[in-house]
Structure formats: structure tokens, C-alpha cells
Amino acid sequence: MSDRLKLGVLYGGRSGEHEVSLMSARSVLSVIDRDKFSVVEIGVSRQGAWLVGENLWTKLQHERLEGLLPAFLNPSPMDPALYVIRDGQIERYADLDVVFPVMHGTYSEDGTLQGLLELADLAYVGAGVLGSSTCMDKGLFKDVMIAHGIPTLPYTVFNRTDLQTNLDACLDQAENIAPYPLFTKPANLGSSVGISKCSSRSDLMEGMLQAATYDRRIVVEEGIHNAKEIEVSVLGNEEPTASIPGEVVPKDIFYTYSEKYINDTAELLIPARVPEETVEQIQSLALQAYQATDCAGMARVDFLIDPKTGALYLNEINTIPGFTKISMYPKLWEASGLNYPELIEELINLALTRKKQRDETSREFRG
């Protein structure tokens, strides 16, 4: 079994989506082919500590970290190994061939983790630094969509200091975007954490202040009454493919964190209830957006349809989508003919291919 690839599975994280990452990781770990991959689990606490050891997932879940070893990745490309600190001494813990970051949100999905893995010259699943950071920031992402002629809802972006300096002026500016409802969002977070649907000025103020607790950048955008929420999964590097679209029918005021991960009340319809020509438009726009933002490996692309006009808007790209048993990304690929274990293996293969392409780049110039 010595020819097995050494696969690091990284989960947890210093993010509001820590719990979501644990749920995703449990599903991924349950289907990895151990005959092909030697798995090294690496957990990241809510405080950002890298940890390894027995019963890692359970200990992270219950925040009982006794007995776990502090770990760190050597960022040198000459020796990209995982090290631990045991009894005050640094020792080599594991070599790694490829890393699967099953992590969401800040310090995980925003390019920071990808930068560390690039420094270590390791193959890793998912988008690189550019694609990750561009798709993570909802305001910057919308700017790129507009530049490529891809429809997105009207919006504006504030910094936390803007709210602290002149909150009333920010409220006035936000109300000029469109009539209520408006949505307030942290620019750099997912899983609907910190998102509010606002139907009045008091709602808007509360929503903006809440979003500002999760990020220094806040997005306010137009809301659509009873919008149809459509999601499509994308897989690949330079020549990506799109799955059949699915539809989310929330029972709450929108597709909230509770509906996604706690109550499981939202209805997921696969395929989505849209005409064939709309399916083709959704898939085409998803692939355009994926390539425009230099995504790789995987992404889930989310759309909104206005039920009154039929207008289609691209909402966001998630470069590390949820991988829980109820998550749309694997469900859509399963419905498209690619089951969960095959999907995981294909993502690892895409990571290795991307690494080979990086290796073709010259890193020296001496004039």
C-alpha cells in the first residue's frame, strides 16, 4: 500500500462556518477510498490552531482538545511536510501529496489558505488564490460579473468605518439601490451567516450593523419578492462542465443558515422547475462566471429568478461548496451521473493536474 497518495483533509477553521466545515468533512471522510489514499486528518480550531491526533473530528466538534498535538505546515517547497510539537520538540508527522481543504469562509475559502499551500508547493483541491479571493468577496465578485456582462442584482458596498462615521448617510445610500426588500450581507462569508432580509429602514440599520460584526466590508443589494433560487455545480479546470440545475424552495423568509444545516426544512428539487432554454442559459452563465474568475476544481454557482419578469441573475460562486449529505453540490453531480466517491476522486485528480500546470511555470529570471 506504499503507493497510496498521501491526502491531507483539512477541516474546521477560524470562521463563522466552522460547524458547517465539520459536517462537510465528516461526509468526505466517510467516502474516501482508503485503498487509494492514505488520509491525514488536520483540524483547525475556532481560534485557528492546527491540530492532529486520535478522535480529532469528535474533539473539535465538542471543543475538547485535550490530547491533540499542535501542528503546522512547513511553507518551504523544499520540504512541504506536516510537523507537530510533542513534549516541546518539533517532529515530522506526515508527508503530503495533495490537500483537500473542506473548509468554508474566512481564512479557508478566501485565498489565504490557498496562498499557504502554494508557498509549500502542494497540490490542493479547488480554486487558487485569485479565484478564491475574487469569489469570496461578494462586492468584488459582482464587479467582475458586470465587467463580463453577466447579470447580477444592483448593490453597493460599505466599510465598517463608513457605518461608524455616518450611519444615516449609509442608510440613505442603501435605500437608493432599490425599493425594499433589501438584503444585507457580510462581503466575505457564506452559508447565509450574517445575512438579513430588510423590509424597513430600521431592519436595514439592524442588518447592516449585524453584517459588520462578521466582516469589515458589507454588501447591500436589491431583494426579489419570492425569488426562485437555482443552483448548479461546476467541475473542472480549463474545460469545466456544469451539472443539471437544482432548485431550493425555502420555508423561511429566505434560505437561512438554520434551513441549510439545522432544521433541514427547505425543499431541494432536482432538476429545477425551469424551461430547457433556461437550463441552457444557467449552465452557460455558470461556466462563463467560473472561467472569468479563474476558478478550478469545483464551485457551486447560485442564481435568482424574478418570478414576475423571469429575469435571471447570477448571485454568487462558492469555491468550496458544502459537502454534507444534504448539500446541493454532490447531490447535483449524483443526479448528473457522478456519484459521491467518484466526485471526490475526480476533484483530487483535478488538483494534481493543476499542480502539474503550475510546475511548468518558470520561477527564475536572471537577465
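A pocket here is an open set of grid points with protein on both sides within 12 Å along at least five of seven lines, and its lining residues have an atom within 4 Å of a point. With that in hand, here are some close-up views of this predicted model.

**View 1. The second largest pocket holds about 170 Å³ of space.** Its lining is made up of Gly13, Arg14, Val44, Gly48, Trp50, Met103, Tyr107, Ser108, Thr112, Leu113 and Leu116. Look for helix H3, residues 112-119, which gives the most to this lining, with three residues. Sorted by class, the lining has six nonpolar residues, four polar and one charged.

**View 2. The largest cavity has a volume of about 80 Å³.** The count of cavities of 30 Å³ or more comes to two, and this view shows the largest of them. Twelve residues line it, and Glu109, Cys135, Met136, Ile317 and Asn318 are the ones nearest its centre. Two elements give two or more residues to this lining: helix H4 (129-136) and strand S18 (312-318). It's an even split by class, with four nonpolar, four polar and four charged residues in the lining.

**View 3. The second largest cavity has a volume of about 40 Å³.** Which residues line the second largest cavity? They are Leu10, Ile42, Trp50, Leu73, Leu82, Leu96, Val99, Leu117 and Leu122. Class by class, that's nine nonpolar residues, with no polar and no charged ones.

**View 4. Helices H4 and H5 cross at roughly 100°.** H5 covers residues 138-147, and the axes of H4 and H5 come within 5 Å. That angle falls in the 65 to 115 degree range that counts as roughly perpendicular, so H4 is roughly perpendicular to H5. On the H4 side, the contact is made by Thr134, Cys135 and Met136, while H5 brings Lys138, Leu140, Phe141 and Val144. Five of the residues in the H4 and H5 contact are nonpolar, one is polar and one is charged. Cys135 and Met136 turn up in this contact, and they are also among the residues nearest the centre of the largest cavity.

**View 5. Helices H7 and H8 pack at an angle of about 110°.** H7 runs over residues 167-175 and H8 over residues 201-212, with their axes 11 Å apart. H7 and H8 are therefore roughly perpendicular to each other, and H7 passes H8 in a right-handed crossing. From H7 come Leu167, Asp168, Cys170, Leu171, Asp172, Ala174 and Glu175, which meet Arg201, Leu204, Met205, Met208 and Leu209 in H8. How do the residues of this contact divide, and how many are charged? Eight are nonpolar, none polar and four charged.

**View 6. Helices H11 and H12 cross at roughly 105°.** Here H11 spans residues 328-335 and H12 spans residues 340-359, and their axes come within 9 Å. H11 and H12 are therefore roughly perpendicular to each other. Tyr329, Pro330 and Trp333 of H11 make the contact with Tyr340, Leu343 and Leu347 of H12. The contact of H11 with H12 has six nonpolar residues, no polar ones and no charged ones.

Technical notes. Residues are numbered from 1 along each chain as its sequence is written. This is a predicted model: local features need pLDDT of at least 70, side-chain atom pairs count only at pLDDT 80 or more; totals for chains, interfaces and linings use all residues. Side-chain values use heavy atoms; hydrogens and water are left out. Axes are lines fitted to C-alpha atoms, for helices over the stretch in contact, and angles run from 0 to 180 degrees between N-to-C directions. Helices (H or I, at least four residues) and strands (E, at least two) are DSSP runs, numbered from the N terminus. Angles under 35 degrees count as roughly parallel, over 145 as roughly antiparallel, 65 to 115 as roughly perpendicular and the rest as oblique. A crossing is left-handed if the near helix is turned anticlockwise from the far one by less than a right angle, and right-handed if clockwise. Contact means heavy atoms within 4.5 Å. Ala, Val, Leu, Ile, Met, Phe, Trp, Tyr, Cys and Pro count as nonpolar, Asp, Glu, Lys and Arg as charged, and the others, Gly among them, as polar. On a 1 Å grid over the protein atoms alone, a cavity is a set of points where a 1.4 Å probe fits but cannot get out, and a pocket is an open set with protein on both sides within 12 Å along at least five of seven lines; lining residues have an atom within 4 Å of a point. Grid points are joined across faces, edges and corners, and a volume is the space filled by probe spheres set on the points.
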